[in-house]
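Let's take a friendly walk through a protein fold, one piece at a time. Have the picture ready as you read.

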Amino acid sequence: MNAQTATSIPAYAAPTAGAPLERTTIPRRPVGEHDVLVEIKYTGICHTDIARARYGLGATFPMVPGHEIAGVVTAVGPGVTEYRPGDRVGVGCMVDSCRRCDNCRDGYQQFCVNGAVETYGSTGRDGEPTYGGYSTHIVVDQDFVLRIPDGIPLDEAAPLLCAGVTLYSPLTHWKAGPGKKVAIVGLGGLGHMGVKIAHALGAEVTVLSRTLNKKDDAERLGADHFHATSDPATFTQLAGTFDLIVNTVSAELDLDAYLSLLGRDGTLVNLGVPPGPSSLNMFSLIGGRKTLTGSLIGGIAETRDMLDFCAAHGLGSDVEVISGERINEAYERVLAADVRYRFVIDASTIPAA
Ligand code: ZN
Ligand code: ZN
């Protein structure tokens with residue numbers, strides 16, 4: 001695409017909430033003073049993409065999902081100092097924020113009190129809709145572009161921009177590391193990155209999954225232990241065990257049962273949102289001074305740290321690369337939990353509409 005003028009580029013979009021994704025064209029703005037033009041190579045399919053395409057959840061339509069973007073810089077604005085054409089870069093869940101509030105200043109743009117600008121389905125500070133990575137190019141302010149180290153293949157890097165940082169942020173914030181017992185609940189796109197990162201941080205890692213089906217996979221990914229939560233014995237056997245439990249599933253959880261697995265001062269972090277309000281017996285927190293909390297993706301600086309950490313430890317996502325025409329089929333397979341562990345769209349297969 002031409003860097004000087006607004007350009008129409010090919011993409012896959014959901015025309016309305018609940019409709020299948022179809023080929024279309026979308027506008028990209030000209031490359032401004034501080035902008036980076038990225039030729040997209042791969043984009044991961046995140047559960048959030050599917051939920052927003054199906055149910056809207058505040059998104060604007062037509063919606064081009066995709067916030068796990070990996071590609072190569074092809075042009076930069078005159079004020080760009082950090083990137084040059086040819087650089088390997090990524091774009092995650094945010095493309096802008098107010099930059100003035102306390103949270104932005106502290107590097108937690110995801111908690112911007114004025115609302116971070118999401119990579120898709122949102123409205124940019126220029127008043128134009130944002131379109132995500134199921135497309136061939138994207139124009140992003142340099143402050144929200146992330147360098148992908150050479151050691152990580154771009155297809156395996158794409159899911160790190162959401163799934164990777166969503167696990168790296170709580171695991172490092174709550175100090176998973178040597179001598180710490182960490183449990184990851186659910187072994188999907190998020191959970192498999194949680195196992196890899198927690199293991200690389202040096203923690204003793206347990207996977208808690210509904211059945212024993214993924215036991216061999218979990219061990220290959222770095223888990224030390226694996227237990228089925230459908231077996232009531234798991235909850236008596238592991239009572240009081242963990243320093244940190246990271247829950248990656250969005251289904252409703254028996255919070256009292258999971259809190260009982262924490263040791264004194266242990267923390268249960270939720271990354272998903274169950275459909276309705278949750279309840280618990282307050283004694284589950286009082287007995288053992290336990291913490292129930294949540295976490296949302298990660299800030300830009302944390303995301304940069306995460307990419308460097310993953311490169312240093314040889315970590316990427318386990319991916320299945322698909323062509324653009326298979327996106328709707330991939331959505332069905334994600335909903336059926338039939339992916340190990342992330343679908344990634346090869347952007348070179350997105351044809352002009
Ligand atoms: Zn995501
Ligand atoms: Zn802010």
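We begin with helix α5, where eleven of the twelve residues are buried, so this helix is largely enclosed by the rest of the structure. Buried means under 20% relative accessible area, while exposed means over 50% and partly exposed lies in between (1.4 Å probe, protein chains only). Helices (H or I, at least four residues) and strands (E, at least two) are DSSP runs, numbered from the N terminus. What you are viewing is a predicted model, in which local features need pLDDT of at least 70 and side-chain atom pairs count only at pLDDT 80 or more, while totals for chains, interfaces and linings use all residues. Residues are numbered from 1 along each chain as its sequence is written, chains are lettered from A and ligands numbered from 1 in the order in which they are written, and side-chain values use heavy atoms, leaving out hydrogens and water.

Helix α5 covers residues 189-200, and its end C-alpha atoms are 17 Å apart, which agrees with the 16 Å that its twelve residues should span at 1.5 Å a residue. The expected span is 1.5 Å times one less than the number of residues. Among the buried residues of α5 are His192 and Lys196. What do the buried residues of α5 pack against? Their partners are α4, β10 (181-185), β11 (204-209), α6 (215-221), α10 and β17 (342-346), where contact means heavy atoms within 4.5 Å. Just after α5, Gly202 takes a positive phi of about 100 degrees.

Next comes α10, whose buried residues pack against β6 (94-96), β9 (146-147), α4 and α5. The axes of α4 (residues 163-173) and α10 come within 9 Å and cross at roughly 100 degrees. Axes are lines fitted to C-alpha atoms, for helices over the stretch in contact, with angles from 0 to 180 degrees between N-to-C directions. On the α4 side, the contact includes Val165 and Tyr168, and on the α10 side it includes Met306 and Phe309.

Finally, follow the chain to Asp318, in the loop between α10 (300-312) and β16 (319-322). Is Asp318 buried or exposed? At 16% relative accessibility, Asp318 counts as buried. Its side chain is joined to that of Lys196 by a polar contact of 2.6 Å. A polar contact is a pair of N or O atoms within 3.5 Å; within protein, one must be able to donate a hydrogen and the other to accept it, and residues adjacent in sequence count only if both atoms are side-chain atoms.
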